[in-house]
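Here's a quick briefing to read alongside the model. Have the structure open and follow the topics one by one.

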Amino acid sequence: MTSESPNDGELEVSIFGPGYGEAIALHVGLGRWILVDSCLEPNSGKPAQLQYLESLGINASLAVKLIVATHWHDDHVQGMGMLVRECKSAEVAVSAALKSPHFSALLDLYGGGAFPGSSGVTEFVNVFRSLDERRKSGTKINAAKLAVPDKLLYRDNIRLNRKNREVEIYSLSPSDSAILSAQLDFYQRIPDTGTHKKRIACPSTNNTSVVLWVRIGDHRILLGSDLEKTSDPKTGWTVIINESQAIKEKALVYKVAHHGAESSHDPDIWSKLLSDKPFALLSPYSIAGNSLPKDEDLDRVAGLTPNGFITAPPKIKKFRPSDGVVRETIQAVTKTMRSVNIGWGQVRLRRNIEDSADYKVDLFGDAYNIQPN
Amino acid sequence: MRFQKETLLAGTNSSGRDITEARKQNGSTEGSRVQLGELVLSPPKTTPFREYSKAIQKWEGKVISLSGDTFRATLSPIVGDKLEQEAEIYVQDVTPDERSFIEPGAIFYWSIGYLERPSGRVRESIIRFRRLPMWTDNEVKKAGRDLTVYFNE
């Protein structure tokens, strides 16, 4: 991985992914960074973006200006607590669905020590703990912004060669209807007295995902999170495509929604929100017997743009233990067994904010261009 | 008075091996030992062999779903190979007493290794479900602090 940080006038979009997890880092100019979601880099066990910024010699506690947790799913929030703790000067934004007494109850019930290991709940408990610490130490930025459609989450001015370049980041979702249904879901997950304790299963919050619209000078970037297309016109991509006021031009970079799944594909995203031959960035998702993107998803994206890239191959990787006894026992006790993380990679786009040259693409680790040879 | 004595420790261990030995030691005579000049005869000492398990690989598992004769779970390593796994495990490999625990969110431990016994080493695979207590009325009613302070509109 190159250890050169982008120069002041360079825009960068990096996506990281191991197979179960996704994280994004944006350099908007002048050493200012925006981080979206979080996953762990397998070797260091640190949040991917922290590890990356460290490798570039960047002090994350000063450089990171905004952190967005797009939704409550383990593959998007692993390490989020550490990210917020370390990036002390960053604002934090979360889905407005989380401002709910029922979500708060779930944090109390499941965020304690009774449930070992990390989970999305634990990460959010740690995020609020860090905000608490900021408040106690007198830091002004000590509360999370709530993302709703067309809300300006971040504004900045980048002065390059005596010219001001505006930077704006809008949330395009979740819709009111999605927020209400998520809050009902949270309520239904509050356990009944007298039932056995167990770890909470992640709710179906894809439709409360925060989709982001990024404007840096003349450049536009659409970060699709895990938002899906729904049959309800008041939720999902339909609301954004039909009602968003923040989108005025087409984007040349698209973080493909929900790991390229068919359920998140709407042809109108490509025809109405994206430029011709956009840079389409994907990360794989592999859990509970589901692997995304499927072959047909990759074919579809590859048919829409020659500039499609994924952080790691979305293939099942069979687990082969190093110990023979373990290997034999697994064969007897399990029907299938495979590794959750199937690789690790980073797709990085860089371009000069001021000129019209195309993006330069760097692929690290297992990342590759999805275009068939 | 301190003196040096030679102690004869006689007997066999649980495997039948003769462990009789003479040992010089400092100290005084004790209990029922018979003192013959400088030679002290002690009753045979045997260390009971305790069975123990040695894990080669151990995971903490979380049940994702149950379907027919298998359940699907994520496995986070505790001992052994370090990568997180996902497996479909046969229900018959869970002791009948614990099968009612198999439901989404349930936590269990799966250990693969050896049981060391006096009669020899035995391979073992043990799946044990964590028995978490029940939710109390107090816990459920108390939950839900005011998060307003954490949010900016």
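Seven strands make an open, antiparallel sheet here, running β16(A)-β17(A)-β7(B)-β6(B)-β5(B)-β8(B)-β9(B). At the edges sit β16 (317-318) of chain A and β9 (120-129) of chain B, each of which pairs on one side only. Keep in mind that this is a predicted model.

**Chain B at a glance**
- Chain B has one helix and 10 strands.
- Read from the N terminus, its elements go β-β-β-β-β-β-β-β-β-α-β.
- Of the 153 residues in chain B, 16% are buried.
- If you take the contacts in chain B between residues at least 6 apart in sequence, 43% of them link residues at least 24 apart.

**Walking across the sheet**
- Where do the two chains meet in the sheet? β17(A) pairs with β7(B), antiparallel, over five bridges.
- To find that pairing on screen, look for A:S339, which stands opposite B:Q85 in β7(B).
- Further along, β5 (residues 52-67) and β6 (residues 70-79) of chain B pair in the antiparallel sense through nine bridges.
- How many bridges tie β8(B) to β9(B)? There are 10, and the pairing is antiparallel.
- A hairpin of two residues joins β8(B) to β9(B), and B:R117 has B:G120 in β9(B) as its bridge partner.

**Helix α11 of chain A and what it packs on**
- Helix α11 (residues 324-333) of chain A has A:V326, A:T329 and A:I330 buried.
- Why do these line one face of the helix? Looking down the axis of α11(A), the buried residues fall within an arc of 100 degrees, so they sit on one face.
- Turned away from that buried side, the other face of α11(A) carries A:G324, A:Q331 and A:A332, which are exposed.
- What do the buried residues of α11(A) pack against? They pack against β17 (334-339) of chain A, along with β5, β8 (107-117) and β9 of chain B.

**Where chain B touches chain A**
- The contact involves 45 residues of chain B and 45 residues of chain A.
- On the chain B side, the elements that give two or more residues are β5, β6, β7 (85-90), β8, β9, α1 (137-142) and β10 (151-152).
- Sorted by class, that side of chain B has 20 nonpolar, 12 polar and 13 charged residues.

**A helix crossing within chain A**
- Helix α5 (residues 101-110) and helix α7 (residues 176-188) of chain A have axes that come within 8 Å and cross at roughly 35 degrees.
- The crossing of α5(A) past α7(A) is left-handed.
- From α5(A), the contact uses A:H102, A:F103 and A:L106, while α7(A) brings A:Q183, A:F186 and A:Y187.
- The residues in this contact of α5(A) with α7(A) split into four nonpolar, two polar and no charged.

Conventions:
Residues numbered from 1 in each chain as written. Chains lettered and ligands numbered in written order. Predicted model: local features only at pLDDT ≥ 70, side-chain atom pairs only at ≥ 80, totals over all residues. Pairing = 2+ DSSP bridges. Helix = DSSP H or I, 4+ residues; strand = E, 2+ residues; numbered from the N terminus. Buried ≥ 20, exposed ≤ 12 C-beta atoms within 10 Å, placed from the backbone. Arc of directions from axis to C-beta. Contact = placed C-beta atoms within 7 Å. Axes fitted to C-alpha atoms, helices over the stretch in contact; angles between N-to-C directions. Left-handed = near helix turned anticlockwise from the far one by under 90°. Nonpolar A, V, L, I, M, F, W, Y, C, P; charged D, E, K, R; others polar.
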